Amino acid sequence: MPDQEKKPVDTAAIASMLKKKEPEMKRVLNYCLRCSICAESCFLYMAHDGDPQYMPSYKVINSLGKLYKKKGNVDREFLEGIKGLVWRNCVLCHRCYCPIGIDIPRMIDFTRSICRSEGVYPEQDGGESWL
Amino acid sequence: MIIAERKPLDEIKDMVRGYKRVLNVGCGGCTSICLAGGQKEVNTLNADLKKALGAEDVHLEIDGFVIERQCNYDFFEALDEKAGNYDAILSMACGVGVQFVAERYPETPVFPALNTVFCGADRDIGWFEESCRTCGECVLAETGGICPVTRCAKGLFNGPCGGTRLDGTCEVDKDTPCAWYEIYKRLKAQGRLENILKIKPPRQWENQTRRSLVQEDYKQRYIG
Amino acid sequence: MKSGSNLEKILTAGHFAFTGEVGPPRGANVEAVREKAKHLKGMVDMANMTDNQTAMVRMSSWAGSLILLDEGIEPNYQMVCRDRNRIAMQSDILGAYAHGIRNILCLSGDHQQFGDHPKSKGVYDVDSIQLISIVKKMRDEGTFLGGDELNGVPKMFIGAAANPFGEPVEWRVHRLAKKVAAGADFIQTQCIFNMERMREWVHQANDMGLTEKVYILAGVTPMKSVGMAKYMKNNVPGMDVPDEIIKRLQGVEKKKVADEGIKIACEQIEEFKEMKGIAGVHLMPIEWEHRVPEIAERAKMLPRPKV
Ligand code: SF4
Ligand code: SF4
Ligand code: SF4
Ligand code: SF4
């Protein structure tokens, strides 16, 4: 795994991970009402003065949502790019509330797993400027 | 945050020796942040174990996997799918996580790869300091935000003891400031010395039984 | 009378008290205690029996205290918070009292790290000030800390230690005040070498009215050698040994150093006798019990009053 970083992303593996969660993902993408009720239930969103980057639905749609739309056909740069959204912008505290029952932290957890499977995860020893 | 450190390799080696297939599970929470049990550390430990056991002609099949938090079953789904394929599980979470994993898979031996050391803060990258012993009856309001339970070697509540060195360091270590000297200085600067002039009576320790906590707003949900 | 101990009688009668100290052996050697005790008999009003001092395992202090009693010396039973919780403490106090022990000295105790079992678990269930209040509660309210009534009340004369030195210096007298408020009847101080600081501390205690509420016995330790003085200065936490003391010891011929040490101690005692707010002296000759008669004599502390 350590030299995984140099290898190209295993898009087939990502696609099969996505496949397994298809029903849940569809629900997020098709039924999220963009009602922004979840926004105010996220303490990070509130703490960042309503920065949309911290809105629960935004975080999912712009990470997992994009992954799903691209059917896993992404490169390392893409995964590195969503790292901030799924790690820095969400602490998986489970506080957010979605009126149609979308489990946001679970989706973010799942996105993190996909990143991890390709060796993309935050560097706690100083490599990440936002930590 | 919980701070942990990796156990000596020999100790971990002795735990897993004898198992053919082992899964090493990292934690994306505290032990990632304190650089003891995140994804990187899982990879390193696996490589170290393979090498060490290889030198003894023992072939170990060990895989790594990280879940975001081992202290909440909401994050276990992916692990549930894998756990059954292994003879033993190593956990690189704190003791909380190890126990939660062991409870989840009662048929499988689960071993701790870390020593859970304390609750502390990050002074800098890779440098942590203990600051709370989770005593259950926080006295920081009276002690100027400096914990005597953790930082006074004797855990005194009416300190300082007679052993404080002349320069204000603790009797047990000339490089450690006496907690009570620090408390005194801070309260004095804030004009709040009266806080520690009163006698603090013997406290009611919370160490009798396993503690559990339901926050006020959730009482109805769990207790009714 | 709170306890009727000899020390209490001496102090309430207005005599200048003179107390000593015995360290129990690192083993079950009864004779060792008796031998040390013999030198103190008739020389002091009471002798402390130390409780695993410097966290080295020794014969227990209540057992040592009983041997002192047997030798005709009133013991001061030392109890540290390091080794026992509130249950063991209260139970030991009852047992000690049942066997005739009437004085107790409540201490935090040296940290276990200094001793021969440095990785033992420190107990510190309560601290020394809380221990004082427990003994007082037992004596004055006739109940345990937990509130239940005692079947037989231990009437102890309650002692505490005080260290006038070490940071935060301004706090030291407040710490004394807390011990008095918690219920200390008498105080034995840390070994005093820095007389200037001691005078200041006693002065503060007088100003705060503390010396009217508590008897302060000043701790005196004769230096046996230059090496001992240096060791205490550098290695014993909380000990304040001014350079003048070391210089003075260095200034005499080698075989006269011990004599000079005793001379310094006697001078201190003379000053304490006159010092307002000091009710006596606590002599702590470290492994020098056999010189106590000589020191008592030279310090003009003999004969001890009968009360
Ligand atoms: S789980 Fe994430 S998105 Fe939901 S409230 Fe917590 S930080 Fe916000
Ligand atoms: S299992 Fe332990 S290390 Fe992991 S997040 Fe929970 S408390 Fe932190
Ligand atoms: S007093 Fe200290 S140990 Fe207790 S809760 Fe507060 S910080 Fe934690
Ligand atoms: S010197 Fe200070 S920190 Fe150390 S044990 Fe004594 S009171 Fe506590």
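# Close-up views of a predicted three-chain model

Figure 1. When residues up to four places away in sequence are not counted, Asn195(B) touches Ala141(B), Glu142(B) and Leu187(B). The model shown here and in the following figures is predicted. Asn195(B) belongs to helix α8 of chain B, which covers residues 194-197. The relative accessible area of Asn195(B) is 13%; because this value is under 20%, the residue is classed as buried.

**Figure 2. The interface of chain A and chain B.** On this interface, 18 residues of chain A meet 17 residues of chain B. About 1700 Å² is buried between the two chains, and carbon and sulfur atoms account for 44% of that area. The rule finds 5 salt bridges across the interface of chain A and chain B. One of them joins Lys21(A) to Glu77(B), with the closest N and O atoms of this pair 2.8 Å apart. On the side of chain A that touches chain B, helix α7 of chain A (residues 104-117) gives the most, with 4 residues. By residue type, that side of chain A divides into 7 nonpolar, 4 polar and 7 charged residues.

**Figure 3. The interface of chain C and chain B.** Chain C brings 33 residues to this contact and chain B brings 30 residues. The two chains bury about 2700 Å² between them, with 57% of the area on carbon and sulfur atoms. Glu167(C), Trp171(C) and Lys178(C) supply 23% of the area that chain C buries against chain B, which is more than any other three residues. Of the 2 pairs of chains that touch, chains B and C have the most contacts.

**Figure 4. Polar and charged pairs between chain C and chain B.** The count between these chains is 1 salt bridge. Lys188(B) and Glu170(C) form a salt bridge in which the closest N and O atoms are 3.2 Å apart. Polar contacts link 22 residue pairs between chain C and chain B, with both residues of each pair at pLDDT 80 or more. Two or more residues each are given to the side of chain C that touches chain B by α5 (128-141) and α6 (169-182) of chain C. The largest share of that side, 8 residues, is from α6(C). The side of chain C that touches chain B consists of 13 nonpolar, 10 polar and 10 charged residues.

Figure 5. Because 10 of the 14 residues are buried, α6(C) is largely enclosed by the rest of the structure. The buried residues include Trp171(C), Val173(C), Leu176(C), Ala177(C), Val180(C) and Ala182(C). Also buried in this helix are Arg172(C), Arg175(C), Lys178(C) and Lys179(C). Just after α6(C), the residue Gly183(C) adopts a positive phi of about 130°.

**Figure 6. Chain A and chain C, which have no contact.** Where do the closest C-alpha atoms of chain A and chain C lie relative to each other? They are 32 Å apart, and no contact joins the two chains.

**Figure 7. Gly84(A) in helix α6 of chain A.** The helix that holds Gly84(A) comprises residues 76-88 of chain A. Is Gly84(A) buried or exposed? Its relative accessibility is 7%, so Gly84(A) counts as buried. Gln53(A) is 31 residues from Gly84(A) in sequence, and the C-alpha atoms of the two residues are 9.7 Å apart in space.

Figure 8. Helix α3 of chain C covers residues 61-70, and Ser61(C) is found in it. With a relative accessibility of 1%, Ser61(C) counts as buried. Which residues are in contact with Ser61(C), leaving aside its neighbours within four places in sequence? They are Met49(C), Thr50(C), Asp51(C), Tyr77(C) and Gln78(C). For Gln78(C), the backbone oxygen lies 2.8 Å from a polar atom of the Ser61(C) side chain.

Conventions:
Residues are numbered from 1 along each chain as its sequence is written. Chains are lettered from A and ligands numbered from 1 in the order in which they are written. This is a predicted model: local features need pLDDT of at least 70, side-chain atom pairs count only at pLDDT 80 or more; totals for chains, interfaces and linings use all residues. Side-chain values use heavy atoms; hydrogens and water are left out. Buried means under 20% relative accessible area, exposed over 50%, partly exposed in between (1.4 Å probe, protein chains only). Contact means heavy atoms within 4.5 Å. Buried area is the accessible area (1.4 Å probe) that two parts lose on being put together, summed over both. A salt bridge is a side-chain nitrogen of Lys or Arg within 4 Å of a carboxyl oxygen of Asp or Glu. Ala, Val, Leu, Ile, Met, Phe, Trp, Tyr, Cys and Pro count as nonpolar, Asp, Glu, Lys and Arg as charged, and the others, Gly among them, as polar. A polar contact is a pair of N or O atoms within 3.5 Å; within protein, one must be able to donate a hydrogen and the other to accept it, and residues adjacent in sequence count only if both atoms are side-chain atoms.
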